[in-house]
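Reader: I am new to this one, could you walk me through how its helices and rings sit together?
Author: Gladly; here is the structure to look at while we talk.

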Amino acid sequence: MPVSKIPSFSSGSELGSAVVNDLEIAGRCQGSSTNWKRSRSQSALKSSIKSVPSPAKRIALRRCSNAIVDSKGEQCCDDSNGEPRVVPSSKTLREERSSDPCFQRSTWNPRDPAQIQAVKEALHVASAPDNIVCREDEQKSILDFCKACIEQDKSGSLYVCGCPGTGKSLSVKKVKELLVLWAKEAGFQAPEVLSINCTLLTKASEIFSKVIEKLHPHLKNNSCSPLQDLQKLYSQKRQLSSGKMMMIIVDEMDYLRTRDHQVLHDLFMLSTLPYSQCILIGIANTIDLADRFLPRVESLNCKPNVVTYCAYSKDQILKIIQQRLIVLGYDIFEPIALEFCARKVAAASGDMRKALDVCRSAIEVFEAELRLATNKEELKIVRFDHMDIALSRAFKPLIVDTIQSLPQHQQIILCSVVKFFWQCKKNATTIGELNRSYSEICKGNHIPPVGMLEFTNMCRALSDQGLLNVGQAKEIKQKRVTLKIDGSDVIFALKEIRFFNNCLEFLNK
């Protein structure tokens with residue numbers, strides 16, 4: 001007798017209730033033998049469908065067309081051969097959500113303050129992701145080193161170096177968490193962990209006091225210095241030793257450099273003492289610190305292992321930003337805007353923190369334009385031009401800040417110089433000619449110009465700041481004036497000031 005097929009459902013609740021109901025109806029309408037078979041299938045399905053799968057698990061269920069999800073939703077089993085299939089990773093599931101009818105993408109509303117705030121938080125440097133991408137190899141090297149120290153019950157030192165913003169501190173923090181979990185699973189004692197940021201120390205030698213205070217408080221009131229206490233402790237066999245390893249993470253180690261490098265030397269030597277149980281991990285931006293400042297440690301064949309972090313590439317920066325934004329469920333940036341940001345930052349420094357700051361700045365530029373826009377204007381996404389403005393602000397030269405902080409009349413003088421050189425196709429002028437150009441700009445903006453003596457003094461002040469070069473002459477008006485900086489820097493600095501919008505119109509002619 002033919003058996004009706006069980007209909008397929010995309011919803012987890014529909015799958016749980018409708019399949020069982022269909023079996024009950026089929027059991028009543030068909031013969032006793034069929035009822036007996038259906039009742040067995042019914043009880044099996046009832047026991048297997050104990051909870052409603054989440055949207056992510058329903059994606060996995062859909063991929064296995066004839067699959068049964070277990071009570072935890074962790075594996076699915078094909079009916080044809082009964083072999084288990086592992087549910088796809090969360091990364092794969094996120095990639096499939098865009099095409100999944102079960103997944104409802106959130107609607108992006110740029111005028112919603114809560115959504116704007118969520119985007120900024122996702123792009124904040126302090127918002128560390130659960131999984132660190134593009135640093136898997138470096139992270140594995142650090143973790144393997146720490147595991148070996150614990151397995152062999154021996155101390156060791158590791159130096160993690162690289163340019164700023166390359167994920168050094170974040171990776172070591174993740175390794176610390178993974179190491180504690182691994183130790184518990186492998187049956188080892190989890191190490192005691194001490195993290196020290198050297199920027200918070202008043203002096204370099206204070207680091208030994210921090211180690212005593214956190215790891216060996218019973219030595220705190222000894223008459224000896226903290227360093228001597230540690231050296232004595234790690235040089236003698238302890239009868240009441242707990243056997244627990246100690247992990248000391250020293251961030252911003254550059255701040256421990258002294259004239260004779262003695263603090264760095266003594267710190268790394270602690271891990272070489274015969275009864276030391278210390279795993280020392282130093283983090284710094286100086287790539288060759290171990291070669292330049294630890295020659296004595298190297299001579300004793302105790303040079304620390306080195307893990308170097310290279311600057312992020314364009315593709316890596318883009319991948320990290322996308323990883324942070326994908327959890328929001330909606331598109332905020334034009335793809336070309338994000339790629340432009342990644343290219344610019346990778347070419348300049350490869351600093352991931354800078355890339356995140358630029359993206360947050362582009363959001364602020366977008367917000368400012370949104371406030372000025374009418375309801376009829378549609379501003380739904382951060383465009384390329386918003387990112388361009390944010391990048392210009394982030395990578396502007398120091399001279400731009402200097403020009404923007406000048407008094408208004410000195411800014412007008414610089415604008416007059418650039419305008420005169422642009423119109424007359426010259427690269428030099430005189431105090432007299434420059435004063436006439438300056439006076440025209442002042443009158444055009446209804447500002448009273450200063451007198452010749454004060455004007456000359458302001459030109460000298462600009463010369464002292466390295467912006468102008470004022471020559472020598474018998475008459476003041478005949479003194480030669482040239483620019484000591486690039487005219488494009490002056491234009492870039494002044495175009496952001498509303499007052500100079502009309503003054504810079506000559507650029508469009």
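**Helix packing and rings**

Author: Helix 8 (residues 206-215) and helix 9 (residues 226-235) pack with their axes 8 Å apart, at an angle of about 55°. The model is predicted, so local features need pLDDT of at least 70 and side-chain atom pairs 80 or more, while totals for chains, interfaces and linings use all residues. Residues are numbered from 1 along each chain as its sequence is written, and side-chain values use heavy atoms, leaving out hydrogens and water. Helices are DSSP runs (H or I, at least four residues) numbered from the N terminus, and axes are lines fitted to C-alpha atoms over the stretch in contact, with angles from 0 to 180 degrees between N-to-C directions.

Reader: Which residues of helix 8 meet helix 9?
Author: Phe208, Ser209, Val211 and Ile212 in helix 8 meet Pro226, Leu227, Asp229 and Leu230 in helix 9, where contact means heavy atoms within 4.5 Å.

Reader: And at what angle do helix 18 and helix 21 pack?
Author: Helix 18 (residues 408-424) packs against helix 21 (residues 487-495) at about 130°, and their axes are 10 Å apart.

Reader: Which residues meet there, between helix 18 and helix 21?
Author: From helix 18, Gln411, Leu414, Cys415 and Val418 meet Gly487, Val490, Ile491 and Leu494 of helix 21.

Reader: Switching to rings, which residue lies over the face of Tyr312?
Author: Arg135 does, at 4.2 Å from the ring centre, and Lys354 lies over the face of Phe395 at 5.5 Å from the ring centre. A charge counts as over a ring if NZ of Lys or CZ of Arg is within 6 Å of the ring centre and within 35 degrees of the ring normal.

Reader: How many aromatic pairs are there?
Author: The count comes to 6 aromatic pairs, with rings of Phe, Tyr and Trp (its six-membered ring) pairing if their centres lie within 6.5 Å.

Terms used:
Rings of Phe, Tyr and Trp (its six-membered ring) pair if their centres lie within 6.5 Å; planes under 30 degrees apart count as stacked, over 60 as edge-to-face and the rest as tilted. Helices (H or I, at least four residues) and strands (E, at least two) are DSSP runs, numbered from the N terminus.
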